[in-house]
Amino acid sequence: MNSDNGDYILDRAELALLSSSNGGRLQSEASFLQRLLRDGGCPVSVFGLSPARLFREAVRHGSLQRSTQNRLKIIAMPSSRPDVALRAGDWMIRAVPGTGDVGHVCVLACADLLARFALASEGIAAESAQPGFYGTVIEGGAYPHTRKEPFARRFLDDRGRVPPHSVIVRAQSEEVDALEDYTPPTWLKDRERSPTRIIKRPAESIGETETSEDFTPPSWLKVSERARRASIDTEFEVSEAFTFEPTAMLTDFGPKLRKAWHAMMETLFQRKIDLATRKIAFGLSITEADAAKYVRFFSPASRPASITLTGANVPWNAFPIRWGSPSPSTYKLVDEPDLQTSDVLQKNQMLRIQDEYCEWQVFRNSANKIVRVVFTSEPPEYYQFLYEPGVAALRKFSRDLLVSLYQARCDTKAITLADLEGTDVTGATVYDPGNKWNNQYCVHLQMPANTLGAQVDIAARAAVLRSHGGKLITDVKKLINCDGFGDPRRQSDPTIGDNVNKLARENQFITLENPVGLYMAKLDTSGWKTPDGTDAQTFWKVLRGKADKDPHKSMIVRAEFAVPKSQGYTVSDIKIAGVPIDFGSQIAEHLDMRLGARFGPKDKDPGGATISAPKPVDC
Amino acid sequence: MAPPTDEPLLALDEIQGNIIPGFLKDHQHFIFFSITDASAARSCLSKMNSRLSTAAEVLEAHRIWKSMRDRLGHEPDSAHYVFLNVALSATGLRKLTSTPEVDDFADVAFKLGLAERSGYIGDPSVKTDSGHVSGWVIGGPAHPVDGVVIMASDDLPWLEDEQKKIIKEITSQGMSVVHQDRGDVHGAPKPGHEQFGFKDGISLPSVRGRWSKEPYDFVYPRTFPRGTPFDTVKADFAEPGSRLIWPGHFLFGYGRQKGDDPRTYDSANQPKGPIWARDGSLMVYRRLRQSTDEFWRFVEDTSKALAKKYPKSAPDKQRFSALLVGRWASGTPVTRSPDKDVGITGDAQNYFAYDNAPTPALPGDSAANMADPDGLSCPLGAHIRKVNPRDQATDLGFAERTPPRSILRRGITYSAKSDDKGLLFVCYQSSIVDQFEFLMNRWVNKPNAPRDHAGHDPILALGPDRVFDLPIENKVEEIPVSKAFVVPTGGEYFFSPSIAFFKKTLLSFARK
């Protein structure tokens, strides 16, 4: 068993001990047991339950189904050998029937049981001198013990049998399973920030084809990037000190879901870093270990930072520039969805085309005037995660939460889980970001390139120094040509790439702000005129996330621009610099987006060790 | 590298001369008129066509003037011209042509007029604030304007004479004069400098294009020294710091930059307007009053406050003012001369960039030339850096997306009264929305553009909560800027048509 999880359980046991009553032996025993049981998620009615009662039930019925509803599983009955190897966190319950005594419970602190003679050489105090196998314990009672004051009790006799008057049980904690049984869900793909591709559209008028520059991207970059690891790497430790927070610090998740989210984000980061590393290794024909030295992007979960990190903010505009100068025809085009290949279903679907990590939906009245425009920058991963959190035991709960979030966003109870599902090309049922509710109510980002994974992908790849013909590349256009990350026809990708690469060129380690997200920062309403002179800014409402007076700190992921009916006019009656608002795009044009990066001091790795500048990788 | 033959032939006999190359005379007068009788006005303006100074004429005039100056060793006294151009506002054009014709212009800013766009470009929105459109002396709802006659000369008495004649001519044929502004380079502390004392007009774009089919017969001469070391920079610049921009960014009827490649011509990518708009340009006129006292008081107070907080490294008055502008009063760029004015002159004044210093060095230019990507020498919010980020990526993405935002500045200082002096700001472009207004709304008046933490433009920005971000002692001091040093007191958007418009198009509307 993974020692990490064991430590976790023992920590909880010691916490239980600390918080239990120490008003005498009887109270201490009962209180400790009750806290241990509660911790294991037992039903509340453990009042009055004592170790002795549990022992009696175990002996009488052979199980603890009655009082603990199988939260406790019997590993070994008195005078018999255990079915499985004992492990840290197992309980030993003792009682001497007929004495009316409360009994005793202790938690095995270390799986390595020691023979009696070995204890002496280890200098560990033991409860008796009898031969057998002893283990250090955490316990309450007359003389409580924790791991700090090692005290050993006899778990097995010298023939490997549990002594009479003892039973060994194991707590079936969900918490334990959550960490042990986590498998990265299949939806968590090695997604790159892909170029925007509208199907069956005529060639875009402006900026469509790039003229050939002095060089072309090297062929090895075109290698399929969808390689998926079979299982999670367990080599990296989950740092207790760092947790990936949910996007925008949203509070939908309880502690278990937060844990699973953290595991998912950590996998995402690691995958992106591995992807960047593999590309370099493949391209330079070096080992991955050597290639890792070129990457200046790190995950704070697997490489805890003991250096001070400074914030760097990357701003861009929500309205895409790929379709040319803003004009009524461009606004109309951008407002509407179009046929694209969804990378979730791998099928063609009508999806929103707004590709600067911000999407919007327009609501009109019967006179075709706009009453409301809803903006979102919530990542699809947040909702895919709720559909499949990577922990089987959490699935039912998270899916219920998914449906209730949708119901709240769309303001209707008439949404079921089936509404949010689709079948992919293999026939599997998956969460569908192009479901009709998201389409209509703009619950979260659905354009295939608008994902958290894509954001992390760009950051990881832009943190690699590149050169062309031996000369260091400092121009982000050349950088994108060389590496092929993102889509050059956006504002976000080049801007993010430029900022990250610039930091990497200073030999600084870079990561992303926690919580990782793509945020709306501010809506600029200067020059907007309403029919009655009301400040247009009052119609901008943040629905999820939070605005901050300092736009660098804003973490808005859902907002709307809406004029209430009582005002007597609509959004379309508001003029931006003399032009009435006929399209949501006109508002998006004045919406600032941002993401936050964090970087360390020059020439230092996250652990604080001095590290020399990496050699740039030639194109 | 774009082959020279990609640069289109410019119709220099059709393009009015203040657009290319600009009048550049010591005196430039603006006569604003409204049209009271469209039919008479049409006839009058049409007859004026042969007197309008074309690009070809003004280019030739400048060439002669320069040649004489080179021979004399000083400015010539006997090469005088009076130049004449005419531009029309959307309201004026509607009267002379028709509303559907003017609707053909894609540029919504031009069609609505400056007053309607005033709040959007950062002008005060509160009626009682200084600079609000209701207080303007020209333009705005109180003083609508249909057109402007622009006249320029080095010879003031002669100019005033000609001006009287023109006024008599137009007022007797369906037009009335609503306002006049007189620009004068001598109305500033120093000719060629603006009111705060800073040298102006150093960095202007060059327009790609040729006189004739001869491959290298460029309208804007390439002045870099010969030799392969300068080949790369020559591909993008005509002179040091003067970017080569495709003509369609300033003129109708010509193509613009292809996508994100400033070196490639896209002849199909033309500004949209009526067919008779070809060889014309959209003009912005802003009468900007400058408060010199207010500005220098702010500089003095702030440098004193900084000296208290940062006794070791606070900039003195002169240096602080240079950090606000991005150049020392002499024109020396702060990027190349961060601590004191080392006195860079000539071409070298514009030979610098931010992400990478340009190479190779110009002959005789030995002053330091360092990159300054983080704005530690020249703050990110310095005026010249806010409106021209040069080789730096911006919130638009690539640096290659900045050239299409360029404008041709043709302004001149004015001094009407002791408390009314400033700059008659004039610029030409083919899209007011994407060029002038973009610069004002997106970069000047926004604190985190073109780069994050730049702060607002301390010279031009208006509005509450403005800050100038000054890097000092390893941190950034956010200096609040509450006063307005530059205040708009008038203005309008105009269209400066081709000669053919006056000669032929106007008459065709007379018959309708």
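Hi everyone! Two strands count as paired if DSSP finds at least two bridges between them. Keep that in mind as we look around this structure, which is a predicted model.

With that idea, let's go to chain B. There we have an open sheet of 3 strands in the order 5-7-6, with mixed pairing. Its edge strands are strand 5 (206-207) and strand 6 (237-239), and each of them pairs on one side only. Strand 6 of chain B is joined to strand 7 (residues 242-245) by 2 bridges, and these two run antiparallel. You can find B:E239 standing opposite B:S242 in strand 7.

Next, have a look at helix 12 of chain B, residues 436-444. Buried here means under 20% relative accessible area, and 9 of the 9 residues of the helix are buried, so helix 12 is largely enclosed by the rest of the structure. Among them are B:F436, B:R442 and B:W443.

In the loop between strand 13 (420-429) and helix 12 of chain B sits B:Q435. Is B:Q435 buried or exposed? It is buried, with a relative accessible area of 1%. Beyond its neighbours within four places in sequence, B:Q435 is in contact with residues including B:H249, B:F250 and B:P404.

Finally, how do the two chains meet? The contact takes 38 residues from chain A and 32 from chain B. About 2900 Å² is buried between them, with carbon and sulfur atoms giving 48% of that. In chain A, the residues that lose the most area to chain B are A:K477, A:K502 and A:A577. The rule finds 3 salt bridges across this interface. A:K502 forms a salt bridge with B:D374, and their closest N and O atoms are 2.4 Å apart.

Methods
Residues numbered from 1 in each chain as written. Chains lettered and ligands numbered in written order. Predicted model: local features only at pLDDT ≥ 70, side-chain atom pairs only at ≥ 80, totals over all residues. Heavy atoms only, no water. Buried < 20%, exposed > 50% of the residue type's maximum accessible area, 1.4 Å probe, protein only. Helix = DSSP H or I, 4+ residues; strand = E, 2+ residues; numbered from the N terminus. Contact = heavy atoms within 4.5 Å. Buried area = accessible area lost by both parts, 1.4 Å probe. Salt bridge = Lys/Arg side-chain N within 4 Å of Asp/Glu carboxyl O.
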